[in-house]
Amino acid sequence: MLYAAVAGFVVVGSGCGPTKVKTETSPYAERYHIKSVAVLPFQTLETPQVVDDRANQLSVPTSARRSNITVAIPPDTQPTEQATTVVPPAAAEIVTRLVWDRLSNRPGLTLRSLQEGERAWKESAAESQGDEPQHLAPKIATQLGVDAVVFGKVLVYRERVGSKLGADPAVVGFELRLVGSDGVTLWVGNYYEKQRPMNEDLWGFIERKGAFVTAQELAAYGVEKVLKEFPYGGQGSTNRG
């Protein structure tokens, strides 16, 4: 299947300093006319994750590596000396809504409501006894009458501790994927950022108006940046017709 062939994707990275955004577009994306999309509820990573304060990096677990998103991250050699964080359940709903809101404003795309996507996901998941979204995507797309579905997982979501003027910064990481109604993965995106101080990430600090932002604000920034590389709808789209 195409979704297993990571090497065939066109990889795009963006961000100052350590890469905050990485996207991969299938070389076959131009063959697809994606005009209608459903956004499925995002999932959360249940295992605690290490947040490396020495660099803008996340130790991605094996399950995330299998998602075909390639992230160059060194192995964690001293887990007992590093802080861990657990993704709160509400983070999935927050990121799902942010993705839906951003795509709903994208010219050339028609979105099903969040309620329709959630209902279809729950029904399909119950019938399939726990299959991954990747395997359920074609069935859900057909059920909702859309060309593709978007789904993803929140890998880390740690709230800012302190004020906007001085804090232990927020940390947010998530992945998302676009899968066509035939089961082909057309695009994947990944975002991870632990907000850095001005002397480490000047442009990023300027974008946040010189303040330490909340996790939700950081997630909104990440969704905006990742979806700038979304290949359908809007200017620069691969959509034809």
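## Helix 3 against helix 4

In this predicted model, the crossing of helix 3 and helix 4 is right-handed, a crossing being left-handed if the near helix is turned anticlockwise from the far one by less than a right angle, and right-handed if clockwise. The axes of helix 3 (residues 114–128) and helix 4 (residues 133–144) come within 10 Å and cross at roughly 125 degrees, where axes are lines fitted to C-alpha atoms, for helices over the stretch in contact, and angles run from 0 to 180 degrees between N-to-C directions. Helix 3 and helix 4 are therefore oblique to each other (angles under 35 degrees count as roughly parallel, over 145 as roughly antiparallel, 65 to 115 as roughly perpendicular and the rest as oblique).

On the side of helix 3, the contact (heavy atoms within 4.5 Å) is made by E116, G117, A120, W121, E123, S124, A125, E127 and S128, and on the side of helix 4 by P133, L136, K139, I140, Q143 and L144. By class, this contact of helix 3 with helix 4 has seven nonpolar, four polar and four charged residues; here Ala, Val, Leu, Ile, Met, Phe, Trp, Tyr, Cys and Pro count as nonpolar, Asp, Glu, Lys and Arg as charged, and the others, Gly among them, as polar.

## Helix 2 against helix 6

The axes of helix 2 (residues 90–104) and helix 6 (residues 215–227) also come within 10 Å, crossing at roughly 40 degrees, and the two helices are therefore oblique to each other. The crossing of helix 2 and helix 6 is right-handed. Helix 2 contributes I94, V95, L98, V99, R102 and L103 to the contact, while helix 6 contributes Q216, A219, A220, V223, E224 and L227. Sorted by class, the contact of helix 2 with helix 6 has nine nonpolar, one polar and two charged residues.

V39 lies in strand 3 (residues 36–39) and is buried, with a relative accessible area of 1%; buried means under 20% relative accessible area, exposed over 50%, and partly exposed in between (1.4 Å probe, protein chains only). Leaving aside neighbours within four places in sequence, V39 is in contact with T96, V99, W100, L103, L111, L114, G117 and V150. V39 and W100 are 61 residues apart in sequence, yet 6.3 Å apart in space, C-alpha to C-alpha.

T185 lies in strand 13 (residues 185–194) and is likewise buried, with a relative accessible area of 1%. The side chain of T185 makes a polar contact of 3.4 Å with the side chain of Q134, and a polar contact with the side chain of R177 (3.4 Å). A polar contact is a pair of N or O atoms within 3.5 Å; within protein, one must be able to donate a hydrogen and the other to accept it, and residues adjacent in sequence count only if both atoms are side-chain atoms.

## After helix 6

Y232 is placed in the segment after helix 6 and is buried, with a relative accessible area of 0%. The C-alpha atoms of Y232 and E30 are separated by 9.2 Å, although these residues are 202 residues apart along the chain.

## The protein as a whole

The secondary structure comes to six helices and 13 strands, where helices (H or I, at least four residues) and strands (E, at least two) are DSSP runs, numbered from the N terminus. Buried residues make up 49% of the 241 residues in the protein. Of the contacts with a separation of 6 or more, residues 24 or more positions apart account for 69%.

## Basis of the values

Residues are numbered from 1 along each chain as its sequence is written, and side-chain values use heavy atoms, with hydrogens and water left out. As this is a predicted model, local features need pLDDT of at least 70 and side-chain atom pairs count only at pLDDT 80 or more, whereas totals for chains, interfaces and linings use all residues.
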